[in-house]
Structure formats: C-alpha cells, structure tokens
Amino acid sequence: MNHASWMSRSFLATALMAAAGHAATGYSADPATSRLDFAGVQAGAEFKGTFHKFTAAIDFAPDALATSKFDVSIDLNSTDTKDNDRDKTMRGPDVFDVGHFPTAHYVARSFTKTTGGYIATGSLTLHGVTKDVPVSFQFVSSGAGAKLDGTATLKRLDFGVGQGDWKSTEWIADTVKVSFSLALKAAP
Amino acid sequence: MPNKSSPVRYTALAQAFHWVIAALIVTQFALAWTADDLPLGLHKLALLARHKSFGMTVLMLAILRLLWRFANPPPQLPPGMTPLERNLARATHVAFYVLLFAMPLTGWMMSSAKNYSVSWFGLFTWPNLIGQSDAAFALLKSTHDYLSYALLAIVILHVIAALKHHFWNKDDVLVRMLPFTKSEKRP
C-alpha cells in the first residue's frame with residue numbers, strides 16, 4: 001500500500017516533470033532491418049523462430065520515461081521456425097490458434113531505469129489472455145533514429161499457448177525467450 | 001592357454017558392446033516404426049526424441065567399440081569355413097560397422113536439415129551438422145530409410161549365420177559372444 005502510493009507519487013512527479021518540458025520522441029520500427037525473435041525448448045533442444053511481420057510504435061526518451069509508450073502488434077501468421085510442420089502446428093488451433101487470435105499485442109506505459117538499460121512493464125495480449133510481461137531493453141539514439149534491443153521471458157501456458165497434448169511441459173518447455181532488435185526511425 | 005594374439009572368446013567388454021548395441025537397434029526400429037504411423041503431434045515428437053537420444057548413444061558406443069576392437073582383436077573365424085563364407089562373414093561385419101556410424105550420422109544430419117537440434121536425453125544438445133534445407137532433409141530421410149532396410153537385412157543374415165554356426169556347424173562362433181558361457185578349447 002505504502003509502496004504503491006510511493007510509486008504513484010513518483011510517477012506523478014515524473015509525469016509533471018515530463019509535462020513541464022520533456023516529451024518522448026515518437027518512432028516506428030523499420031520492418032526491413034528490425035527483428036523480433038523467440039526461442040523455445042522442444043524435446044530438450046532449443047529451437048529458434050522469428051516473427052516476420054510486426055509493427056512497433058515506440059514513444060521513448062530517456063528523460064521522459066513517464067510519457068514513453070511501446071505499442072507492438074505481432075502477426076502470428078508470420079511465425080517462422082524454419083520448419084513447415086512446426087510452423088503449421090504453431091499457427092494451428094492447439095498453439096497460437098491464429099484463426100481466432102491472429103495477432104499478439106504488447107502495450108507498455110511504465111518504464112524504469114536500470115544500471116544497464118531500462119525495464120518496461122507492459123501487458124501482452126496473446127491467445128485472448130492479457131498478462132503483464134516485463135521487457136528489459138537498451139536504447140541508443142543515433143541521429144534522427146535509435147536502436148532498441150531487448151529481451152523478455154514469458155511462460156507460454158500463462159497465455160494458454162499449448163492446448164491438449166501441447167499443455168505438457170515434458171517435451172515443450174513452458175518458458176519461452178523473446179528477443180528483439182529494432183531499428184527505430186522517427187515517426188512522421 | 002590362449003595367447004593374446006588369438007583369443008578364443010570375445011572379451012567381456014566386446015560382448016557388452018555387442019549386446020547393448022543390439023538391444024538399442026531393436027529399440028530404434030520399434031520407435032521409428034511406431035512414430036512413422038503417428039500423425040504430427042506430441043506423441044510422435046516424444047518417440048522421435050527418444051529415437052535420437054538412443055541413436056546418438058549408438059554412435060558414441062560405436063566409436064568406443066571400434067577403438068576397443070583395434071586394441072583387442074576379435075577371435076579368429078573357425079577353421080573349416082570356405083573362402084566364400086569367410087569373405088561373406090567379413091563383409092557383413094564391415095557393413096555392420098559402416099551402418100553403426102551411417103545410421104546415427106544420417107539421422108543427426110536429417111534433424112539438422114529440418115532445424116530440430118538433437119538433444120541427448122535432455123541433458124545436452126548436439127550442434128547442428130548442416131543448415132536447414134528441405135531438399136537435404138528429403139535426401140537424408142530416404143538415405144536413412146534405405147540404410148535401415150540394409151541394416152535389417154544384415155541383422156537377419158547375421159542371426160541366421162550365428163544360428164547356423166551353432167546348430168549346423170556346431171562351432172563356438174555364437175557361444176564366444178555369449179556372456180556367462182565357456183568356449184571349448186580349440187583342437
């Protein structure tokens with residue numbers, strides 16, 4: 001309770017500071033040079049995949065964390081693990097169920113500075129389930145653009161990703177690692 | 001007293017290699033044939049994961065077995081075999097060793113080509129031997145399949161030959177590979 005009220009006051013203070021003159025810069029990820037990857041563990045061995053289609057609207061400035069915002073939409077139909085059988089299974093009804101849930105959506109509005117970078121706390125909506133997922137990242141601005149690299153770890157079963165047999169974690173691990181490297185261009 | 005250059009029996013370790021690998025090969029056929037009939041799914045994935053772990057075990061055992069064989073030459077073929085029989089026996093054993101390496105290696109490459117890295121019972125992951133390629137996967141899969149038929153054929157030949165030596169020729173070819181038995185001294 002105390003902690004929460006301290007948090008909200010600190011956010012309020014940061015928001016007031018931001019309102020006083022600092023605004024986050026609006027960027028969008030360049031699809032050609034940005035990557036959004038994931039890695040799961042299947043039968044004890046890691047497999048890597050990528051999402052070819054996603055959009056990332058990034059409003060960020062190191063001195064305006066309170067007004068910063070990430071809004072990322074991922075087209076789950078673009079899932080690619082370099083194997084058609086696995087890709088079909090992942091898009092299918094027992095895993096992502098793209099027929100019902102074609103996109104995953106991540107929105108973050110809360111940012112904190114860490115020693116090596118930042119942590120965003122946002123909500124991920126995947127497979128019809130919304131949960132908080134922290135993302136740690138580094139932000140390096142360069143000219144009019146910026147580079148945003150980061151990682152997150154989530155548990156697929158929190159989102160019901162894996163139904164029927166695929167609920168078992170004996171052969172498919174619950175933990176999935178997500179990593180991204182976004183080339184940000186100033187939004188028009 | 002048998003001297004080291006012409007042992008009468010296979011060493012205990014050579015027998016262990018033989019029977020453990022034989023049991024693994026039977027298991028491999030059972031797993032592969034069961035998995036072949038299954039639709040894509042978790043059950044198939046699980047069986048093939050076991051198949052890969054056992055296959056890599058065979059590969060490691062085959063390396064050790066071959067090294068052991070170089071250091072401890074096997075007993076000689078019994079006298080009285082015709083040159084044709086001797087050549088057939090030698091060719092079968094060479095084919096066994098070739099397949100003990102070729103089966104796991106083509107399987108490992110198949111998994112690599114399909115971008116499914118091979119784990120050893122979940123304890124560690126073997127590196128991919130080749131990059132992802134649908135064409136390479138198809139070629140390796142058919143190679144792995146044809147080699148398995150060849151292996152099955154020489155297993156059958158090997159078993160028939162061993163039984164023929166034991167019951168027809170009444171020599172010690174079978175017994176000298178059997179643990180817990182004794183071989184008669186050669187005349």
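**Exercise 1. Find the helix of chain B in which N169(B) lies, and decide whether N169(B) is buried, partly exposed or exposed.**

Solution. N169(B) lies in helix 4 of chain B, which covers residues 134-169; helices (H or I, at least four residues) and strands (E, at least two) are DSSP runs, numbered from the N terminus. This is a predicted model, in which local features need pLDDT of at least 70 and side-chain atom pairs count only at pLDDT 80 or more, while totals for chains, interfaces and linings use all residues. Residues are numbered from 1 along each chain as its sequence is written, and chains are lettered from A and ligands numbered from 1 in the order in which they are written.

Next comes the neighbour count. A residue is buried if 20 or more other C-beta atoms, placed from the backbone, lie within 10 Å of its own, exposed if 12 or fewer, and partly exposed in between. N169(B) has 15 C-beta neighbours inside 10 Å and therefore counts as partly exposed.

**Exercise 2. Work out how helix 1 and helix 2 of chain B are oriented towards each other.**

Solution. Begin with the axes, which are lines fitted to C-alpha atoms over the stretch in contact, with angles from 0 to 180 degrees between N-to-C directions. The axes of helix 1 (residues 12-36) and helix 2 (residues 42-71) of chain B come within 9 Å and cross at roughly 155°. Angles under 35 degrees count as roughly parallel, over 145 as roughly antiparallel, 65 to 115 as roughly perpendicular and the rest as oblique. Helix 1 of chain B is therefore roughly antiparallel to helix 2 of chain B.

**Exercise 3. Identify the covered face of strand 5 of chain A, and find which strands pair with strand 5 of chain A.**

Solution. In strand 5 of chain A, residues 69-75, the covered face is made of F70(A), V72(A) and I74(A), whereas K69(A), D71(A), S73(A) and D75(A) form the uncovered one.

For the pairing, two strands pair if DSSP finds at least two bridges between them. Strand 4 (residues 54-60) of chain A is joined to strand 5 of chain A by six bridges, and the two run antiparallel; here I58(A) stands opposite F70(A) of strand 5. Strand 7 (residues 103-113) of chain A is likewise joined to strand 5 of chain A by six bridges and runs antiparallel to it, with T103(A) in strand 7 as the bridge partner of D75(A).
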